[in-house]
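Please find below a colleague's note on the structure shown here.

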Amino acid sequence: MTNEQQAIKDRLEAIEKRIQAACDRANRKREEVKIIAVTKYVDAKAIGDLLDVGIMDIGENRVQDALPKHELHGDRGAWHFIGHLQTNKAKEVVGRFPYIHSLDRVSLAQELNKRGEALDTVVNCFLQVNISGEETKFGLSPNDVLAFLRETSNMKHIKIIGLMTMAPVVDNQEEARHVFRGLYEWKERINEWAFPHAHIEELSMGMSSDFEVAIEEGATYIRLGSVLVKPE
Ligand SMILES: *Cc1c(COP(=O)(O)O)cnc(C)c1O
């Protein structure tokens, strides 16, 4: 094992303890929480190290940076597109990234659906909801969720399997709790509506600074960058 791989293993071990403790506090099973290693800070070689030590899920947020990395390692692990997605870049992502966490508007849904149809596949999407209401954040306003689901309900090549949100940057992760709880409530609400294309199983929430509270509030995917993946 290389030094880099050992360093990742050490970080992972410390993170594991914190995940397990959060699961214990919330009476959840460890298997319910998956780690996405957010690799936007590092090069393709570092992604190879992450995959070598057993990381299964890779997250990237910029299409141009992600494509060469995917070119090298795309056949390993599951790739998640987690950043804002321009409509004209959607074609690069569909077929490469099995999960898209940043669906936030009808025009993007149309494009993803079109690309899914062209590849004869169904695109797994997370609806990004701006629970905190910060203007600087992407994501559908909660007020627009119902209209969005109605307008996309006939799209056969997208499937909304989860919700995603980003909490405000705060000093104390307790201050983010209401955002995560809010996303959980949207999951319950959407599932009651029972749209054919939107059965929410996954909650993508929690990053390096707030993943423990996110787990306590029901996260199934935590997106870990700096705490796990250190630039050289
Ligand atoms: C960068 C990024 C993360 C990871 O951030 P860290 O604070 O470094 O863990 C998670 N989600 C998204 C959408 C990101 O862009």
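The points below concern a predicted model, and they take up a helix pair, the nonpolar cores and one serine.

1. Two packed helices are described by the angle between their axes and the distance between the axes. Helix 2, residues 44-52, packs against helix 3, residues 63-73, at an angle of about 45°, and the axes lie 9 Å apart. Helix 2 is therefore oblique to helix 3. The crossing of helix 2 past helix 3 is right-handed.

2. Which residues form this contact? Helix 2 contributes Ala 44, Ile 47, Gly 48 and Leu 51, while helix 3 contributes Lys 69, Leu 72 and His 73. Of the residues in the contact of helix 2 with helix 3, four are nonpolar, two are polar and one is charged.

3. The largest nonpolar core comprises 68 residues, and Leu 103, Leu 112 and Leu 228 have the most contacts inside it. Helix 1, residues 3-25, supplies the largest share of this core, namely six residues. Another core, of five residues, lies apart from it; among its members are Ile 36, Phe 126, Met 164 and Tyr 221.

4. Leu 112 deserves a separate look. When neighbours within four places in sequence are left aside, Leu 112 is in contact with Leu 85, Ala 90, Val 94, Ile 100, Leu 103, Val 123, Cys 125 and Ile 158.

5. Ser 107 belongs to helix 5, residues 106-118. Its relative accessible area is 35%, so Ser 107 is partly exposed. Thr 87 is 20 residues from Ser 107 in sequence, and the two are 7.3 Å apart in space, C-alpha to C-alpha.

Note on methods. Residues are numbered from 1 along each chain as its sequence is written. This is a predicted model: local features need pLDDT of at least 70, side-chain atom pairs count only at pLDDT 80 or more; totals for chains, interfaces and linings use all residues. Side-chain values use heavy atoms; hydrogens and water are left out. Axes are lines fitted to C-alpha atoms, for helices over the stretch in contact, and angles run from 0 to 180 degrees between N-to-C directions. Helices (H or I, at least four residues) and strands (E, at least two) are DSSP runs, numbered from the N terminus. Angles under 35 degrees count as roughly parallel, over 145 as roughly antiparallel, 65 to 115 as roughly perpendicular and the rest as oblique. A crossing is left-handed if the near helix is turned anticlockwise from the far one by less than a right angle, and right-handed if clockwise. Contact means heavy atoms within 4.5 Å. Ala, Val, Leu, Ile, Met, Phe, Trp, Tyr, Cys and Pro count as nonpolar, Asp, Glu, Lys and Arg as charged, and the others, Gly among them, as polar. A nonpolar core is a set of buried Ala, Val, Leu, Ile, Met, Phe, Trp, Tyr and Cys residues joined through side-chain atoms within 4.5 Å. Buried means under 20% relative accessible area, exposed over 50%, partly exposed in between (1.4 Å probe, protein chains only).
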